[in-house]
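Me: I am new to this structure and would like to get to know it step by step. Could you walk me through it?

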Amino acid sequence: GQGSGDGADESVPENQSETRNETGDNESDPVQPAANGAKPWENRANPQLREAIAEFEQSANKPNDGYGERHKVSGALGRYQIMPDTLDGIQWRNPDGTWTEKARAHGVASDEEFLRNPKAQEAALDRVMAQYEKEANDAGLFERVGQKIEGRVDGITVSEAGIMATVHTGGPTGTRRYLEKIDQADGLSQNADLTVKERAIETRMRKAQDLEYRKTRKQ
């Protein structure tokens with residue numbers, strides 16, 4: 001989530017990954033596969049982006065597809081490393097760490113239950129993506145779709161999937177700040193004074209640019 005940069009890329013120093021995604025307390029708890037043999041995210045909206053987010057968060061190849069991961073510094077939870085304040089924002093979790101009736105409706109009343117429940121994590125991500133869309137729309141980010149950027153590694157075309165991937169790490173404000181710096185540098189990332197976080201945003205925007213994405217809400 002928005003806890004730290006994307007350390008696994010050419011354009012970001014490796015040592016910027018903090019103590020990424022320390023294995024959670026529930027690594028040994030088996031996660032039940034879907035009845036039809038599909039992975040839990042494969043039957044949800046925008047499965048490509050879900051998989052990409054898990055890869056960016058370095059949880060995709062962890063035990064149980066990363067559903068049991070807990071970031072010991074930021075407190076981000078699960079396969080998608082959803083931040084506590086993001087869970088607060090979708091009214092699943094309270095600021096004091098307790099879980100709401102909305103979460104209980106999905107079988108979650110504690111952090112541990114969330115980490116053991118892939119279906120609940122996917123349902124939470126549905127709500128998170130809808131919230132990201134609203135924030136990105138309010139920030140004017142979708143107006144950028146189609147913009148060309150000469151990135152530090154390769155060319156980038158701004159896409160809806162790319163925007164959603166970057167909002168997950170940098171929020172709408174961080175994504176907008178990155179794009180404004182690119183504007184000031186006439187579209188040339190090499191000439192922009194980017195922070196480590198902004199370089200991580202660029203990395204995700206590049207890697208997610210060609211993924212299919214369907215908006216979950218009317219704008």
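This is a predicted model: local features need pLDDT of at least 70, side-chain atom pairs count only at pLDDT 80 or more; totals for chains, interfaces and linings use all residues.

Me: How do the residues of the contact of H6 with H7 divide?

Reply: Here Ala, Val, Leu, Ile, Met, Phe, Trp, Tyr, Cys and Pro count as nonpolar, Asp, Glu, Lys and Arg as charged, and the others, Gly among them, as polar. On that basis, the contact of H6 with H7 divides into nine nonpolar, seven polar and six charged residues.

Me: In what order do the elements of the protein chain run?

Reply: Helices (H or I, at least four residues) and strands (E, at least two) are DSSP runs, numbered from the N terminus. The protein chain has seven helices and two strands. From the N terminus on, their order is α-α-α-α-α-β-β-α-α.

Me: How far does helix H5 reach from its first C-alpha to its last?

Reply: H5 spans residues 118-138, which is 21 residues. The expected span is 1.5 Å times one less than the number of residues. H5 comes close to the expected 30 Å, with a reach of 30 Å.

Me: Why does the pair of tryptophan 92 and phenylalanine 114 tie together parts that are apart in sequence, and how many residues apart are they?

Reply: Rings of Phe, Tyr and Trp (its six-membered ring) pair if their centres lie within 6.5 Å; planes under 30 degrees apart count as stacked, over 60 as edge-to-face and the rest as tilted. Tryptophan 92 and phenylalanine 114 are edge-to-face, at 6.4 Å centre to centre and 80 degrees between the planes. Tryptophan 92 lies in the loop between helix H2 (84-89) and helix H3 (101-104), while phenylalanine 114 is in helix H4 (residues 111-115), so the parts tied together are 22 residues apart in sequence.

Me: Is glutamate 143 buried or exposed?

Reply: Buried means under 20% relative accessible area, exposed over 50%, and partly exposed in between (1.4 Å probe, protein chains only). Glutamate 143 lies in the loop between H5 and strand E1 (148-150). Its relative accessible area is 71%, so glutamate 143 is exposed.

Me: What is the phi of asparagine 64?

Reply: Most residues other than glycine have a negative phi. Asparagine 64, found in the loop between H1 and H2, has a positive value although it is a residue other than glycine. The phi of asparagine 64 is near 55 degrees.

Me: Is aspartate 65 buried or exposed?

Reply: Aspartate 65 is also in the loop between H1 and H2, and has a positive phi of about 55 degrees. Its relative accessibility is 19%, so aspartate 65 counts as buried.

Definitions and conventions: Residues are numbered from 1 along each chain as its sequence is written. Side-chain values use heavy atoms; hydrogens and water are left out.
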